Amino acid sequence: SYFIGKKDISTKTEALIVLMGGGAEVDSAMKKMSEKSGCGDFVIIRTDDSAGYNEYLYKEIGGFNSVETIIIDSRSKANNSEIEKKLKNAEALFIAGGDQSEYYKYWKATKVSKAIEYLINEKKVPIGGTSAGMAILGEYVFTAENDTITHDEKITDLNNKKLTIRNDFLKIPLMKNIITDTHFSQRKRHNRLNIFMNKIISNNWLKKEALEGIGGDEETSLLIYSDGKREVMGKNKIYSFKLTNEKENNLFFKHIEKIQ
């Protein structure tokens, strides 16, 4: 782990979800996390060995008592009691970009996943993620366990082995019935998210009317507040997908709306 700042404190916090689409961080969204954390202790988790957020958050964004990055790159670390304690003591948590297949493989059904749920559902602290970190926050997750899916792959078989959608990772009420995708317009992922959503419906996990896909552009964040209200921050767009009753090539048409 990498640490910068002062000794651990306890502050009054408020729940908040921050979904960042990747690329450069959105400073205003990070500042909102600081505000909702009560200027407490910020923890970043990831699987690659980097401490790039520490100086940025502590010195450039400011408003945090401390910033610590913890590298959790195995299931043994994800079940480590000291790491669990550090997570539960945080007043804000952020999941860095990286590889969501590793996050799913290493963190699923561990002390880390339970600590994440504790922070948002019981302690009620702000939690965010960018790129892969955003991808794993939905109730439904494209885990990329069998490689990614690019925008130019014409997948019509919903049993394609690459189409790994899971709903057994995190249970966060503010993200119920949601699947996310990132680097959205930049990597032309509109059809990809549409396919993800149809896979969920084909599994009979819920009715299509209840399902929402959220696509996040780079350098853009969607903030979901404790009362369910939403706010977009950053340079580009956030999209909300709903499935319609019309069909084309065995896939539902997509309907896209910007979240203002």
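Me: Is lysine 108 buried, partly exposed or exposed in this model, and on what value does that rest?
Reply: This is a predicted model, and in it lysine 108 counts as partly exposed because its relative accessibility is 24%, a value that falls between the 20% and 50% cut-offs.

Me: With which residue does lysine 108 form a salt bridge?
Reply: Side chains of opposite charge can pair when their charged atoms come close. Here the partner of lysine 108 is aspartate 168, and the closest N and O atoms of the two are 3.8 Å apart. Lysine 108 belongs to the loop between α5 and α6, whereas aspartate 168 belongs to the loop between β8 and β9, so the pair ties together parts that are 60 residues apart in sequence. Aspartate 168 is likewise partly exposed, at 36% relative accessibility.

Me: How many salt bridges does the structure hold, and which residues do shared partners join into one network?
Reply: The structure holds 17 salt bridges. One of them is formed by glutamate 145 and arginine 166, whose closest N and O atoms are 2.7 Å apart. That pair links distant parts of the chain, since glutamate 145 lies in the loop between β7 and β8 and arginine 166 in strand β8, 21 residues apart. Glutamate 145 is partly exposed with a relative accessible area of 35%, and arginine 166 is partly exposed at 31%. As for the network, salt bridges that share partners join Asp181, Arg189 and Arg192.

Me: How should I read a pair of aromatic rings, and how many aromatic pairs are there?
Reply: A pair of aromatic rings is described by the distance of the centres and the angle of the planes. The count here comes to nine aromatic pairs. Among them is the stacked pair of tyrosine 103 and tryptophan 107, with 4.4 Å from centre to centre and 10° between the planes. Both residues lie in helix α5 (residues 100-107), where they are four residues apart, about one turn of the helix. Tyrosine 103 counts as buried because its relative accessibility is 0%, and tryptophan 107 is buried with a relative accessible area of 0%.

Me: Which parts of the chain does the pair of phenylalanine 142 and phenylalanine 196 tie together?
Reply: Phenylalanine 142 and phenylalanine 196 are stacked, at 4.5 Å centre to centre and with 25° between the planes. Because phenylalanine 142 lies in strand β7 (residues 141-142) and phenylalanine 196 in helix α8 (residues 190-202), the pair ties together parts that are 54 residues apart in sequence. Both phenylalanine 142 and phenylalanine 196 are buried. Elsewhere, ring pairs link Phe42, Tyr53, Phe64 and Phe94 into a cluster.

Me: How do I read a strand such as β6, and which way do its residues point?
Reply: In a regular strand the side chains alternate between the two faces of the sheet. In β6, Pro126, Gly128 and Thr130 point one way, while Ile127 and Gly129 point the other way. Five of the five residues of this strand (residues 126-130) are buried, so β6 is largely enclosed by the rest of the structure.

Me: Which strands pair with β6?
Reply: Strand β2 (residues 16-20) pairs with β6 in the parallel sense over five bridges, and leucine 16 stands opposite proline 126 in β6. Strand β5 (residues 92-95) also runs parallel to β6, joined to it by three bridges, and the bridge partner of phenylalanine 94 in β6 is glycine 128.

Notes. Residues are numbered from 1 along each chain as its sequence is written. This is a predicted model: local features need pLDDT of at least 70, side-chain atom pairs count only at pLDDT 80 or more; totals for chains, interfaces and linings use all residues. Side-chain values use heavy atoms; hydrogens and water are left out. Rings of Phe, Tyr and Trp (its six-membered ring) pair if their centres lie within 6.5 Å; planes under 30 degrees apart count as stacked, over 60 as edge-to-face and the rest as tilted. Helices (H or I, at least four residues) and strands (E, at least two) are DSSP runs, numbered from the N terminus. Buried means under 20% relative accessible area, exposed over 50%, partly exposed in between (1.4 Å probe, protein chains only). Two strands pair if DSSP finds at least two bridges between them. A salt bridge is a side-chain nitrogen of Lys or Arg within 4 Å of a carboxyl oxygen of Asp or Glu.
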